[in-house]
Amino acid sequence: MNAAQSRFLLLAMSLLAIFFLYAPIVSIVIYSFNESQLVTVWSRFSTKWYAALLHDDQILRATRISLEVALLSATGATVLGTFAGYVLSRFGRFPGRTLFSGIVMAPLVMPEIIMGISMLLLFVALEAAIGWPPRDIQTIVMAHITFATAFVAVVVQSRLAEIDVSIEEAAADLGARPLQVFFLVTLPLIAPALVSGFLLAFSLSLDDLVITSFVSGPSSTTLPVVIFSKVRLGLNPEINALGTLIILFVGVIATLATFRTVFADWRGRRKVDAPA
Amino acid sequence: MSAPIFSNAQTRGFGRFLAVAVPYGWFLVFFLAPFLIVAKISLSTAATAIPPYESLVSWADDGALVLTLHFNNYKLIFSDPVYLIAYASSLRNAAVTVIFTLLLGYPLAYFIASRSAKWRAPLLMLVMMPFWTSFLIRVYAWIGILKPNGVINSALLWLGVIDKPLDILNNQFAVYLGMVYAYLPFMVLPLYAHLEKLDWSLLEAAGDLGARPARVFREVTLPLSMPGIVAGSLLVFIPAVGEYIVPTLLGGPDTLTIGAALWNEFFSNHDWPVASTVAVALVVLLVGPLMALQNYQAKEEQKP
């Protein structure tokens, strides 16, 4: 195999992988406009399943709860994740650092089913001991903050790694107190990462099924929980329409979160952000 | 990067304490403590009560404090073949997922890393975009593609390649496909991060010295990107062992996984102690890979 052949093979395999990633997304968008109840048998173009969504009270209610949960947990995760990312990249060694980075970062990979059952058992034990928290939006938000913080911390940490520490040191040398350095120098410099981290946490929260199923109560059903209960029974044309809307919504969020980073090199500027 | 930046007395203030204590406290309470509770409840036994398990500690008639530990749950999951099969098939699913995400993800990561700076970030975003998009919806979409009158079968029937629909949904094949699909971005990202840092002049040098592309790849590129392969494999393997959604939506009636076993014990049988025992056994299984990942990340941090 010569160089030209191997380049061609590489291109072909990459295109195959990209096609693989996008085929299901494209198929769900196309079938959401299918008039037929049979979902995969195409009859003709229709937007009736979108109209049906507007009259589905269960879905509308779940959407509202999901958005509320996502907003609260993304806010909490951004605050905690900024602290954690800052500590991990700027504090050097301190007693308990290994455990700190271990428990902050483990939720990135920990199977959701484990985090779901363990947090539920914590909430149940707390409720038995001190009468709080009730299983509703509060428990979902606390659980979502716990798994989304690590993602924010990673984004913040990689941004901090690219910022020259001497800027912060200069501020300290000029007499700024540590808190002033953080709020007046560091925070403005990492602001884009905070926005990306917030949006990432928001979309992860909006999407979570497994952890939410464990920690939510009967009155606080989120959108993925409703979707899952419907799709377990098979294909559902309404879910195709809903899925298309979610893909569109989250796609816009992801574009907003990464646009600056992704096209930094196209405006002749030095690339400063790590892609989320 | 790991050297203390502000080592002077200035930063040993209350602010520094809070910055460590707030996230530390949160994760001790919401991440670490729950594992102890899971371990405790795994030693209990189910009861018709709220919450549905017996307390480990009780008062005997004579006023003595009695601690009752049940090891039956552990005996159960180590003797009932259902659990052993579930563990074995979860490990197999995760291993197959690692192999195929690597085979599919490596060329893609290599391709992106070898583009000019201008194209790398947009291409990487193309790979990461599905990760942002609803996992549940994307897995669900495969049902429409794989079912007997779905996209693939309709196309193949129409083309006359097959004369009856292929059986590709609700079986092990569909589970593998869905898992590889779901975890591909987790493999591509760390691979890309290492390939991007690769010194391409080394590859050119090998080529100039007469090595064919395959040999350059085998003897130069592959060893240099090994840390990325290790990181990507761990990032895929660990969550894949506990995967619940993919086997449930795409698997068949005979698909047994540890995720589904835990879920069913919890939600269908309401046996919280057995569900906890399954969780403890899964965590024990993952301690090795988790430590490996932590060590690896610590080592990466120490690099200049």
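pLDDT is the predictor's confidence in each residue, on a scale from 0 to 100. Keep that scale in mind here, since this is a predicted model, in which local features need pLDDT of at least 70, side-chain atom pairs count only at pLDDT 80 or more, and totals for chains, interfaces and linings use all residues. Residues are numbered from 1 along each chain as its sequence is written, while chains are lettered from A and ligands numbered from 1 in the order in which they are written. The model scores ipTM 0.88 and pTM 0.90. Here is a tour of it, topic by topic.

**Confidence**

- Chain A has a mean pLDDT of 87, with 93% of its residues scoring at least 70.
- Within chain A, helix α9 (residues 210-215) has the highest confidence, at 95, and helix α11 (residues 237-262) the lowest, at a mean of 85. Helices here are DSSP runs of H or I with at least four residues, strands are runs of E with at least two, and both are numbered from the N terminus.
- Residues 269-276 of chain A stay under 50 in pLDDT, and the model has 27 contacts for them beyond four places in sequence. Two residues are in contact if their C-beta atoms, placed from the backbone, lie within 7 Å.
- For chain B the mean pLDDT is 86, and 94% of the residues reach 70 or more. Residues 1-10 of chain B fall below 50, and this stretch has 17 contacts in the model beyond near neighbours in sequence.
- A word of care for such stretches: where pLDDT is low, the predicted coordinates should not be read in detail.

**Chain A: overall build**

- Chain A comes to 11 helices and zero strands.
- Along the principal axes, the C-alpha atoms of chain A fill a box of roughly 70 × 70 × 35 Å.
- Of the 276 residues in chain A, 46% count as buried. A residue is buried if 20 or more other C-beta atoms lie within 10 Å of its own, exposed if 12 or fewer, and partly exposed in between, with C-beta atoms placed from the backbone.
- Taking contacts in chain A between residues at least 6 apart in sequence, 76% join residues at least 24 apart.

**Chain A: local details**

- W132(A) and P133(A) are joined by a cis peptide bond, with omega at about 0°. P133(A) sits in the loop between α5 (112-130) and α6 (137-162) of chain A.
- S229(A) belongs to helix α10 (residues 223-231) of chain A. S229(A) counts as exposed because it has 12 C-beta neighbours inside 10 Å.
- The C-alpha atoms of S229(A) and V181(A) are separated by 50 Å, and these residues are 48 residues apart along the chain.

**Where the chains meet**

- The contact between the chains draws on 78 residues from chain A and 86 residues from chain B.
- On the side of chain A that touches chain B, helix α1 (residues 3-31) of chain A supplies the largest share, 16 residues.
- That side of chain A divides into 58 nonpolar, 14 polar and six charged residues. Ala, Val, Leu, Ile, Met, Phe, Trp, Tyr, Cys and Pro count as nonpolar, Asp, Glu, Lys and Arg as charged, and the others, Gly among them, as polar.

**Chain B: annotated spans**

- An unreviewed UniProt entry lists "transmembrane region" for residues 17-37, 91-111, 123-143, 173-193, 220-241 and 272-293 of chain B. UniProt positions follow the numbering used here, feature names are shortened, and annotations may be inferred rather than shown by experiment.
- In the model, residues 173-193 of chain B are 100% helix and 0% strand, with their end C-alpha atoms 30 Å apart.
- Residues 220-241 of chain B are 95% helix and 0% strand, and their end C-alpha atoms lie 32 Å apart.

**Chain B: a helix pair**

- Helices α3 (residues 81-113) and α10 (residues 226-241) of chain B pack at an angle of about 145°, with their axes 9 Å apart. Axes are lines fitted to C-alpha atoms, for helices over the stretch in contact, and angles run from 0 to 180 degrees between N-to-C directions.
- The contact includes S90(B), T97(B) and G105(B) from α3(B), and G232(B), V236(B) and F237(B) from α10(B).
- The residues of this contact divide into nine nonpolar, seven polar and no charged.

**Chain B: positive phi**

- N170(B), a residue other than glycine, has a positive phi near 60°. N170(B) lies in the loop between α6 (151-159) and α7 (172-196) of chain B.
- H270(B) is not a glycine either, yet its phi is positive, at about 50°. The loop between α12 (258-268) and α13 (272-302) of chain B holds H270(B).
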